[in-house]
Amino acid sequence: MTRAAPAAPPSPVLAPGTRVLLALAAAVIVLAGVYFARELVGPLALGIVLVVICEPVRRPLDRRGWPRWAGTTAVIVVAYLVLALMGLLLWVAGVQFAQLVSDYLDQLRGSLDSFVAWLQSVGLDQEATDATAAVLDPQAIVRLVSSLGGTVIAVLTALFFVVSYIIFMAADAARYRDAERVFGAERRPVLGRIRRLNRGIRRYYVVNATFGAIVAIIDGLALWALGVPAPIVWAVLAFVTNFVPNIGFVLGLIPPAVLAFVVGGWPLLLAVIAIYCVVNVVLQVLVQPKFVSDAVDLSLTLSFFSVIFWTFVIGPLGAILSIPLTLFVRALVLEGDAGSLWLRWLSGDRTATPAAAARNAGPGS
């Protein structure tokens, strides 16, 4: 009788704290790589988002039996139109603001002198007065406008690379539509996550565009009624900055508020700030988050943090792409891991509950 071979010793299991540290270290390495390659990663992410948004244009052509190249061409054309429109809106708003600051420079300097005199009259010391004067100096504002113009140019340069990315991605998207037919149930869970991610991205931008148009119309009409110069420009800026979650309305408020202070003093400045705050708090803080939450299932805290985080990682494009990038990371890292249900729920995913996981469990899931 032969003796049974001894059982193999159990493989060592890492402690939970060690696994967390390793995961954080890997994340830091990946994000560092993304940071140093942001000139490539940012335009690439923008190209992917544009193709995802425009992909439904292909469906009616496919239903009518048109060739695949026709649908691909339609996606490319629509994506280019979106790029051209957004770039034009940003350029017009930046140029008009710079021109208005130059036209009203003397009035701005006079308003600044009056403000500094008021600070001195209420007893502020000279250091505080000098600091305030330095911040509100017209030349500093002109330099700020110039730096914003440089940022816009950098974004437009990145968009040049996006033009090429869109062509290849739109062509590949047509081929990827056959993935489920080719692989069947083997890749169905992965393809299901990709479809949910694409739907979330499209819904997010539809919601933002809808509320951005409403906010832009209300703000534009209010500025026109108050007599603020170039209300159409500021309405366009309000629409564009609405795509930056949470802090976008502040970016859209600064230029018209400065101009209102120049042409109408404190009363007009306070009126513009009050209107923007009321409109944006009601629509963007009380109403829009409910629709955004239904569309993408992200918590408000994570949405706010993602703007700051992705802007730091990939630059100005990160502010516009923050929500899609966060959704992508969640789909890539968390949604494929059954043990991450708790983290998904913390991120705002309302479907990440034990009851929902039990319902979805089954053959092929």
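A residue is counted as buried when its relative accessible area is under 20%. In the predicted model described here, Trp310 has a relative accessibility of 9% and is therefore classed as buried. The ring centres of Phe309 and Trp310 are separated by 5.1 Å and their planes stand at 80 degrees, so the arrangement is edge-to-face.

Across the whole structure, the search identified six aromatic pairs. Among them is the pair of Tyr35 and Phe312, which is stacked, with a centre-to-centre distance of 5.6 Å and an angle of 25 degrees between the planes. Because Tyr35 belongs to helix 1 (residues 16-36) and Phe312 to helix 12 (residues 300-314), this pair ties together parts that lie 277 residues apart in sequence. Tyr35 is partly exposed, at 28% relative accessibility, whereas Phe312 is exposed, at 60%. Tyr35 and Phe312 also belong, with Phe36, to one aromatic cluster.

Helix packing was examined for helix 9 (residues 188-226) and helix 13 (residues 317-333), whose axes are 10 Å apart and form an angle of about 160 degrees. Angles over 145 degrees count as roughly antiparallel, and helix 9 and helix 13 are therefore assigned to that class. Their crossing is right-handed. Helix 9 contributes Arg193, Leu197, Gly200, Ile201, Tyr204 and Tyr205 to the contact, while helix 13 contributes Ile320, Leu321, Ile323, Pro324, Leu327, Phe328 and Ala331. Classified by residue type, the contact of helix 9 with helix 13 comprises eleven nonpolar residues, one polar residue and one charged residue.

Definitions and conventions:
Residues are numbered from 1 along each chain as its sequence is written. This is a predicted model: local features need pLDDT of at least 70, side-chain atom pairs count only at pLDDT 80 or more; totals for chains, interfaces and linings use all residues. Side-chain values use heavy atoms; hydrogens and water are left out. Axes are lines fitted to C-alpha atoms, for helices over the stretch in contact, and angles run from 0 to 180 degrees between N-to-C directions. Helices (H or I, at least four residues) and strands (E, at least two) are DSSP runs, numbered from the N terminus. Angles under 35 degrees count as roughly parallel, over 145 as roughly antiparallel, 65 to 115 as roughly perpendicular and the rest as oblique. A crossing is left-handed if the near helix is turned anticlockwise from the far one by less than a right angle, and right-handed if clockwise. Contact means heavy atoms within 4.5 Å. Ala, Val, Leu, Ile, Met, Phe, Trp, Tyr, Cys and Pro count as nonpolar, Asp, Glu, Lys and Arg as charged, and the others, Gly among them, as polar. Rings of Phe, Tyr and Trp (its six-membered ring) pair if their centres lie within 6.5 Å; planes under 30 degrees apart count as stacked, over 60 as edge-to-face and the rest as tilted. Buried means under 20% relative accessible area, exposed over 50%, partly exposed in between (1.4 Å probe, protein chains only).
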